[in-house]
Amino acid sequence: MKILLAFFVVVGVSFLVAATNLNGLVGNYLTEQRTREDTQAAESLSAVFGPLMQNADSAALNNRLRDSAEGLDGRLMLLDTDGKVQFDSFNALCGRRLQLPEVLRVLALGEISAYGMHQPGRETVAAMTGEPEAEYVAYGVHELLGSRGRIGALLYVSRIQGMMDSLAAVRNQLNGVFIVIAVAAFALALVLSRVLTKPIVNLSRSMRKMGKGDLSVRVPERGSGELRQLAENYNTMAAQLEHLDQSRNQFVSNASHELKTPLATMKILLETMIYQPDMPSEVRQEFMEDMNHEIDRLTGIITDLLTLTRMDNQRDGLKAEDIDLTEITESTVRLLTPAAEKRGQRLESRTVPSLPMKGDPTKLNQVLYNLIDNAMKYTQDGGRIQVSLEEEGDEAVWRVRDNGVGIPREDQEHIFDRFYRVDKARSRETGGTGLGLSIVRQMVTLHGGTISVESEPGKGSCFIVRLPKNGKGAAA
């Protein structure tokens with residue numbers, strides 16, 4: 001029943017909106033066309049009757065006024081500047097002052113012309129138009145000019161009941177079509193709901209099991225067309241959720257372990273200092289330096305975790321702007337050159353003269369900084385690190401190459417995972433948190449780029465970053 005009602009409501013509401021809009025378009029078109037025609041008629045007649053009214057040629061004016069009114073199938077009146085009727089094609093309101101809004105706008109407010117459609121009641125409409133059953137009337141007013149300026153106004157009483165009846169007929173036809181389509185939609189929805197019920201019920205059962213925590217549940221992929229595709233998509237989603245759940249559990253386990261290790265180390269050092277009050281000062285100083293080192297490592301882990309969390313939640317978005325990637329490359333290399341020289345390493349760069357693109361300069365700087373810093377950590381003293389920036393088609397390509405220890409093939413596909421370390425002992429000695437490359441990949445992905453690695457144990461590694469120059473990723 002829910003599927004049935006949903007289908008019926010969607011189809012019905014869609015057609016109702018379409019019918020309403022269509023009726024509105026037709027009504028607006030007819031109204032605007034009639035307004036334009038009546039306004040032009042009043043303007044043309046005012047140019048004719050202005051001189052006649054000024055010359056006070058009553059006989060000629062009355063005859064001309066009646067002929068013009070019959071030609072327009074309406075009623076014409078000539079008013080003086082006080083709004084009093086001087087001539088009337090019906091000869092019924094002469095000497096009466098009219099307080100119509102359109103008349104006041106022209107005579108009191110100084111407008112050149114005014115037009116309006118009204119539904120004042122059948123008695124008023126019959127008195128103004130001579131149509132006893134009509135409910136609508138329109139008034140078109142235009143100023144009358146003489147040799148010395150404005151001498152009054154021309155009032156054109158337009159019979160618009162026919163136009164309103166046409167609009168009502170269109171509306172009734174659309175309502176009839178809507179009822180027919182609604183009935184047909186209901187019948188079609190009834191048939192389709194029965195066809196769709198069984199596989200959807202199966203899917204609903206599986207989703208309830210998943211809601212209770214069983215992420216291994218799958219639905220049979222039977223039949224063809226959209227229902228089979230729905231089952232396949234559901235199974236794909238379930239597999240991804242199961243993998244995500246496993247990754248989350250693994251991440252929590254790794255994070256807990258990484259945070260627990262420095263805390264445990266500091267606890268041991270503190271307890272040793274507490275229970276050995278006569279500890280030599282040089283040993284105490286060494287313990288304090290070790291604790292300071294562990295605090296720094298703990299702070300680094302927490303900082304990197306917060307960075308990843310902000311990017312995962314899209315709270316740390318890109319601040320894209322026009323940048324020169326060559327300038328960022330050269331400034332980052334200059335910044336890290338003293339640290340490389342301190343270890344006897346050669347940090348070399350090769351860049352194109354200028355490479356403009358759209359991106360976040362802070363994040364791109366951090367990407368290159370992390371890659372170079374990582375290369376320096378895993379390259380022996382006296383080693384060589386090469387940084388290159390090239391333009392390949394629509395992409396800007398960074399390559400950070402070293403001749404360090406390299407990465408085993410079986411570890412290369414995991415090095416961008418969070419807290420993954422090829423050599424855990426060596427990584428902790430160098431001060432790594434196991435999150436640097438994860439942060440790099442996340443920032444590159446935010447820019448719409450990719451990162452990969454080529455490495456061979458004992459011969460070094462080469463990290464390759466490809467970024468779109470048009471800034472599609474940064475704009476998103």
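**View 1. E70 sits in helix 2, residues 58-72.** Helices here are DSSP runs of H or I with at least four residues, and strands are E runs of at least two, numbered from the N terminus. E70 is exposed, with a relative accessible area of 62%; exposed means over 50%, buried under 20%, and partly exposed in between, using a 1.4 Å probe and protein chains only. From C-alpha to C-alpha, E70 and S89 are 8.9 Å apart in space and 19 residues apart in sequence. This is a predicted model: local features need pLDDT of at least 70, side-chain atom pairs count only at pLDDT 80 or more, and totals for chains, interfaces and linings use all residues. Residues are numbered from 1 along each chain as its sequence is written, and side-chain values use heavy atoms, leaving out hydrogens and water.

**View 2. D73 and R159 form a salt bridge.** Such a bridge is a side-chain nitrogen of Lys or Arg within 4 Å of a carboxyl oxygen of Asp or Glu. The closest N and O atoms of D73 and R159 are 2.9 Å apart. D73 lies in the loop between helix 2 and strand 1 (74-79), and R159 in the loop between strand 5 (149-158) and helix 5, so the pair ties together parts that are 86 residues apart in sequence. D73 is partly exposed at 47%, and R159 is partly exposed at 23%.

**View 3. E392 and R399 meet through their side chains in a salt bridge.** Their N to O distance is 3.2 Å. Salt bridges that share partners join R350, E390, E392, E395, R399 and R466 into one network. R399 is buried at 17% relative accessible area, while E392 is partly exposed at 30%.
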